[in-house]
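Let's walk through this model together, starting with its charged pairs and moving on to its sheets and helices. Have the chain open in your viewer as you read.

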Amino acid sequence: MDLLRVRGVRVFFGGLTALDGVDMKVPAGSVYGLIGPNGAGKTTLFNCISRFQAYSDGTVEYRGRDLGNLGPHDVIGLGIARTFQNINLFRSRSTLDNILIGMHSRLGNPLAAMLSLPSGLRREAALRQRATWMAEMFGLTDVLQQQVVHLPFGYQKRVELARALAAEPTLLLLDEPVAGCNEEETRELSGIIREVNRELKVTVLVVEHDMSLVRAVCDEVTVLDFGRNIARGSPQEILNHPAVVEAYLGETVPVRA
């Protein structure tokens, strides 16, 4: 069963065609990769799915529902969460605060918490308990009270991932999750992504240039070039696909052992 379906999506920026009839199907329960050279349209497609970007033609369907008329906050409520290429944390707040901020769509009645009503207090306590559990899962327990601005880059990536998952999504969109990470950090984050998929039953759609991560975590991959589909298959099939090799000619594709 496909959790997400993209059909014939087109996006134009003035005279530039960013996406030209893109199709993609993401099966429920999978870790799905979206790759392509710089400027291929990957982040634009992510923005269409998460409703930060309008599209001129085509449809984006999540669980059979057309997302075209919805906004970013609406899709979070439906069970779609995302991270961004550049870390976008509340840098002066603690790790715990950042995870709790990600739970804003699960707060229920904010007025009850503000008035210290029993129902609000119970809900707040439950959210803090879940945030602490998530910190343990991501190896963040020792830095729970530290401001994220003082954390190493790899830890900030973990906090951003934990914050996205705090909304309890069914579909998680990861935009270059290991960009800027060293090999050790990449291996650790690869393991975390797989654990999120297996243990939390979250379907993951990941944009990434680092093919070692794609090869390690993805079940299937779609490749874009100049805003168009050029290939789809397993990571191994994609790495040996003539059109993919041609698209990447002249551009270094990071592939670590």
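Asp-175 and Arg-82 form a salt bridge, with 3.5 Å between their closest N and O atoms; the term stands for a side-chain nitrogen of Lys or Arg within 4 Å of a carboxyl oxygen of Asp or Glu. Asp-175 sits in strand 7 (residues 171-175) and Arg-82 in strand 6 (residues 80-82), so this pair ties together parts that are 93 residues apart in sequence. Helices (H or I, at least four residues) and strands (E, at least two) are DSSP runs, numbered from the N terminus. Both Asp-175 and Arg-82 are buried, where buried means under 20% relative accessible area, exposed over 50%, and partly exposed in between (1.4 Å probe, protein chains only).

Before going further, please keep in mind that this is a predicted model, in which local features need pLDDT of at least 70 and side-chain atom pairs count only at pLDDT 80 or more, while totals for chains, interfaces and linings use all residues. Residues are numbered from 1 along each chain as its sequence is written, and side-chain values use heavy atoms, with hydrogens and water left out.

The structure holds nine salt bridges. Another of them joins Arg-130 to Glu-168, the closest N and O atoms being 3.7 Å apart. This pair links distant parts of the chain, since Arg-130 belongs to helix 5 (residues 118-137) and Glu-168 to the loop between helix 6 (153-165) and strand 7, 38 residues apart. Arg-130 counts as partly exposed because its relative accessibility is 23%, and Glu-168 is partly exposed too, at 36%.

Next, look at Arg-158 and Glu-188, whose side chains meet in a salt bridge of 2.7 Å, N to O. Here Arg-158 in helix 6 is linked with Glu-188 in helix 7 (residues 183-199), 30 residues apart. With 10% relative accessibility Arg-158 counts as buried, whereas Glu-188, at 33%, counts as partly exposed. Salt bridges that share partners also join Arg-10, Asp-20 and Arg-228 into one network.

Now for the sheets. Which order do the strands of the six-stranded open sheet follow? The order is 6-7-8-3-9-10, with mixed pairing; two strands pair if DSSP finds at least two bridges between them. Strand 6 and strand 10 (228-233) are the edges, each pairing on one side only. From one strand to the next, the twist averages 20 degrees. Within this sheet, strand 3 (residues 31-35) and strand 9 (residues 220-225) pair in the parallel sense over four bridges, and Gly-33 stands opposite Val-221 in strand 9.

Helix 7 packs on the sheet, touching strand 3, strand 7 and strand 8 (203-207), and its direction makes about 135 degrees with that of strand 3. Contact means heavy atoms within 4.5 Å; axes are lines fitted to C-alpha atoms, for helices over the stretch in contact, and angles run from 0 to 180 degrees between N-to-C directions. Helix 6 lies across strand 6 and strand 7, running at about 155 degrees to strand 7.

There is also an open sheet of four strands, with the order 2-1-4-5 and antiparallel pairing. Its edges are strand 2 (16-27) and strand 5 (65-66), each of which pairs on one side only. Strand 1 (residues 2-13) and strand 4 (residues 57-62) run antiparallel and are joined by five bridges.
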